[in-house]
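Me: Hi! Could you walk me through the pockets, the helix packing and the sheets in this one?
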Amino acid sequence: MLTGAGRAFSSGADLQADGEDALPEDLGEILGTTYNPLARTLAELPVPLVVAVNGPAVGAGMGFALAGDIVVAERSAYFLLAFANIGLVPDAGATWMVAKCVGRARAMELALLGEKLSAEDAQAMGLIARVVEDGTSLAEAKALAARLAKGPTRALGMIRKQVIHALDHDFDQSLRMEAANQSDAGFSEDFKEAVTAFREKRKPEFKGF
């Protein structure tokens, strides 16, 4: 799970910070050492990631919010690719996330105009999965995470990888990955348990292997 502390999920980089907290002169440097490693870590997680957007998700924060496989946002939350407003370009994977979710026309509009996008509009565009009442995103996300944790986590991790793989590969490549993963999943104890539970007319008890 991933969420923000306080009133915002992430308000973006602090442009007024000074001293040790000041932004470096070469902004690409901080991406290479901090932002991008985090973005890659989130992308390569072996299990699904649930994100609770408890407030504004601005700049790089929008990219990190959209890294979730299931994103739950509160009704008053909003998303903002603010980069063009300060003479910068989207980072932290936001370009890829937004373009893959909404297509070229919408991505260009969001990135070039730097306008706020409400939680409801983000859901309608396919950027996020759910919109909930204010103050409830964390509880909703925890419930989803608990449900996933009780499931066949090995298979869920493979499902996550398959969907991400499909975004960048052709149909035949996706078919090959599905077949390889299905072989792996088919030999798992979780699948055997699911078959047994079906025959015994009970809920399966998955162990994640």
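Me: Which helix gives the largest share of the lining of the largest pocket?
Reply: That's α6, with six residues of the lining. Do keep in mind that this is a predicted model.

Me: OK, and which other elements supply at least two residues there?
Reply: Besides α6 (153–166), you have α1 (27–43), β4 (70–74) and α3 (94–113), each with at least two residues in the lining.

Me: How many residues line the largest pocket, and which lie nearest its centre?
Reply: There are 27 lining residues, and Leu66, Gly68, Asp69, Met97 and Ile164 are the ones nearest the centre.

Me: How does that lining divide into nonpolar, polar and charged?
Reply: It has 19 nonpolar residues, three polar and five charged.

Me: And what volume are we talking about for the largest pocket?
Reply: About 630 Å³. The second largest pocket comes out at about 350 Å³.

Me: Which residues are closest to the centre of that second largest pocket?
Reply: Ala13, Phe83, Ile86, Leu88 and Asp91, out of 20 residues that line the second largest pocket.

Me: Where does the largest share of its lining come from?
Reply: From α1, which gives five residues to the second largest pocket. By type, that pocket's lining has 15 nonpolar residues, four polar and one charged.

Me: Switching to helices: at what angle do α6 and α7 cross?
Reply: Roughly 175°, with the axes of α6 and α7 (residues 171–186) coming within 10 Å.

Me: Parallel or antiparallel, then?
Reply: Angles over 145 degrees count as roughly antiparallel, so α6 and α7 are roughly antiparallel to each other.

Me: Which residues make the contact?
Reply: On the α6 side, Arg154, Met158, Lys161, Gln162, His165 and Ala166. On the α7 side, Gln173, Ser174, Met177, Glu178, Asn181, Asp184 and Ala185.

Me: How many of those are nonpolar, polar and charged?
Reply: The contact of α6 with α7 has four nonpolar residues, five polar and four charged.

Me: Now the sheets. What's the strand order in the four-stranded one?
Reply: It runs β1-β2-β4-β7, an open sheet with parallel pairing. The edges are β1 (2–3) and β7 (130–132), each of which pairs on one side only.

Me: How many bridges hold β4 and β7 as a pair?
Reply: Three, in the parallel sense. For a landmark, look at alanine 73, which sits opposite valine 131 of β7.

Me: Which helix packs on that sheet?
Reply: α5 (residues 137–149), which touches β1, β2 (50–53), β4 and β7. The direction of α5 makes about 175° with that of β2.

Me: What about the three-stranded sheet, what order and pairing does it have?
Reply: That one is also open, ordered β3-β5-β6, and the pairing is mixed. Its edge strands are β3 (57–58) and β6 (117–118), with each pairing on one side only.

Me: And in what sense do β3 and β5 pair?
Reply: In the parallel sense, over two bridges, with β5 covering residues 78–80. Within β5, leucine 80 is the bridge partner of valine 58.

Technical notes:
Residues numbered from 1 in each chain as written. Predicted model: local features only at pLDDT ≥ 70, side-chain atom pairs only at ≥ 80, totals over all residues. Heavy atoms only, no water. 1 Å grid on protein atoms, 1.4 Å probe; cavity = no way out; pocket = protein on both sides within 12 Å on 5 of 7 lines; lining within 4 Å. Points joined across faces, edges and corners; volume = space filled by probe spheres on them. Nonpolar A, V, L, I, M, F, W, Y, C, P; charged D, E, K, R; others polar. Axes fitted to C-alpha atoms, helices over the stretch in contact; angles between N-to-C directions. Parallel < 35°, antiparallel > 145°, perpendicular 65-115°, else oblique. Contact = heavy atoms within 4.5 Å. Pairing = 2+ DSSP bridges.
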